[in-house]
Amino acid sequence: MKTCNSESPTPKSTEISTVGTAKIANPIKFGRFVEEDDAVLVNISRRTVEGASKSRKKPQHIFFEPAGPRDKIYYDPSKTKCAVVTCGGLCPGLNDVIRAIVMTAFHEYKVPAVLGIQYGLAGFVPEQGYDVIELTPDFVSRIHEFGGTVLGSSRGPQEPEAIVDALERMNVSILFMVGGDGTMRAAATVVAEIEKRGLSISVVGLPKTIDNDINYVSPSFGFDTSVETAAMAIKGAHVEATGAPWGIGMVKVMGRDAGFIAAQSALSCQEVNFCLIPEEPFDIYGPKGFLAALDERMKRRGNAVIVVAEGAGQDLLEASGKQDASGNVKLSDIAALLKREILDHFRKQGIEATLKYIDPSYIIRSVPANANDRIYCSFLGIHAVHAGMSGRTGLVISRWNGRYVHIPMAVVTRGKKRINTCSNYWRAVLESTGQPLSMKND
């Protein structure tokens, strides 16, 4: 997997900011505290650790700060008020993250209040009229059993001045922002406004994207659940495809710019014959195009299963020219084009193919988290509270190289993660599906 359109971090760029010096003894009585001089290597290959064999130049090591409780904290727990907001689209695990934040804040640090901001950043704006929810252990005790977010969510930018005004009015010390790269960019502007005013308010981000495309987040929470749910739809498509003459099952999954859900679910099912992703352009027509490959498969086996990411093949479609509230370009419907062209292709040969099209996108993102994601989300929420209480700000909680770490928001938002189509990972997808190495005529 590769990260595109981003620069490698530097020792300076991975430093974590604080709102002040931590001087208060941490009240946690069990476990061990993270040593301040501990660090997690960003790159752990032998080449990056020892340097190239032919070079005498000592490699420059880049580290992320490890997450976890510190022996000294910045905020007095008895006077600390926290707030949680969820932004952007839904994703499995949102309620699990909220629950972990609330439980840790109350039970480990005994904070007096955790506020839930409704419907994303719009909840900070008084004119929107959304009430603030008092999040208590009793309130959140069973929310992890349900999909979505009990706080609601929304897209769209809000002025950082209005957000910080609301934080001041509510006397919030720590704000936890759960969202994708757009939310993290918004969080960075909130941090800048807080610093401009000279306030002691920490902002901690928890990275959320169903597409698994956030920089230095491996993987994003909810991804495991998404793949598991997508696999159920693919199995249904396979049953439909094998249950009819000239049967084709096509499943569209989320993945605007990165095809991780499509690729991972294809690997998990082993029943997918074509996996189409944004990172790998393809032609529909021509001797090496998709239809030619599908034609060969159908005449040889009599059925096929296709998984297509929503952002695949956008160069084959007319651009919509529209954007959503988050500023994302609205995608054209690649599945509609493929369905039409596939049926037309076989009809011209006098063959009436049977094509069953399944779009489980909104089911995938709205289901409760599975066991693995629940555990992951719990750790993210727990570490977010530890980071906030220590006075750290402008950071994102992530898991990297098997460790939970703090990553500056500026590093996370510098680019997006993509599938490297020259990698062994993509080779495994090609081996699993049996599709051609390339479906481009040139």
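**Ground rules**

I number residues from 1 along each chain as its sequence is written, and I keep to heavy atoms for side-chain values, with hydrogens and water left out. Since I am working on a prediction, I take local features only at pLDDT of at least 70 and side-chain atom pairs only at pLDDT 80 or more, while totals for chains, interfaces and linings use all residues.

**Helix 13**

I started with helix 13, residues 424-433. Helices here are DSSP runs of H or I with at least four residues, strands are E runs of at least two, and both are numbered from the N terminus. Which residues of helix 13 are buried? I listed Tyr425, Trp426, Val429, Leu430, Ser432 and Thr433. My cut-offs are under 20% relative accessible area for buried, over 50% for exposed and partly exposed in between, with a 1.4 Å probe and protein chains only.

I then looked down the axis of helix 13: the buried residues fall within an arc of 165°, so they line one face. That arc is taken from the directions from the helix axis to the C-beta atoms. On the face turned away from the buried side I found the exposed residues Asn424 and Glu431.

What do the buried residues of helix 13 pack against? I get helix 7 (260-269) and strand 13 (274-276). Just after helix 13, I noted Gly434 with a positive phi of about 80°.

**Lys440**

I followed the chain to Lys440, in the segment after helix 13. Lys440 is partly exposed, at 24% relative accessible area. From the C-alpha of Lys440 to that of Ser423, 17 residues apart along the chain, I read a separation of 19 Å.

Leaving out residues up to four places away in sequence, I have Lys440 touching Pro281, Phe282, Asp283 and Lys288; contact means heavy atoms within 4.5 Å. With Asp283 there is also a side-chain to side-chain polar contact at 3.2 Å. I count a polar contact as a pair of N or O atoms within 3.5 Å; within protein, one must be able to donate a hydrogen and the other to accept it, and residues adjacent in sequence count only if both atoms are side-chain atoms.

**Annotated sites**

I checked UniProt next, where an unreviewed entry gives "active site" at Asp211. Positions are in the numbering used here, feature names are shortened, and annotations may be inferred rather than shown by experiment. Is Asp211 buried or exposed? I have Asp211 as buried, with a relative accessible area of 8%. Asp211 lies in the loop between strand 11 and helix 6, and I see it touching Met254, Gly255, Arg256, Ala258 and Phe260, not counting residues up to four places away in sequence.

The unreviewed entry also marks "binding site" positions, among them Thr209, Asp211, Met254, Gly255, Arg256 and Tyr362. I placed Thr209 in the loop between strand 11 (202-207) and helix 6 (223-242), where it is buried at 10%. Beyond four places in sequence, Thr209 touches Cys91, Ile214, Ser220 and Phe221. Tyr362, in helix 10 (residues 361-366), counts as exposed at 58% relative accessibility.

**Rings**

How many aromatic pairs does the structure hold? I have 10. I pair rings of Phe, Tyr and Trp (its six-membered ring) if their centres lie within 6.5 Å; planes under 30 degrees apart are stacked, over 60 edge-to-face and the rest tilted.

For Phe64 and Tyr216 I read centres 5.7 Å apart and planes at 80°, so this pair is edge-to-face. The pair links distant parts of the chain, 152 residues apart: Phe64 is in strand 5 (residues 63-66) and Tyr216 in the loop between strand 11 and helix 6. Phe64 is buried at 0% and Tyr216 is buried at 10%.

I put Tyr119 and Tyr130 down as tilted, at 4.9 Å centre to centre and 50° between the planes. Ring pairs also join Phe64, Tyr216 and Trp400 into a cluster.

Last, I looked for charges over rings, meaning NZ of Lys or CZ of Arg within 6 Å of the ring centre and within 35 degrees of the ring normal. I found the charged end of Arg399 over the ring of Tyr376, 4.1 Å from its centre, and that of Lys417 over the ring of Phe260, 5.6 Å from its centre.
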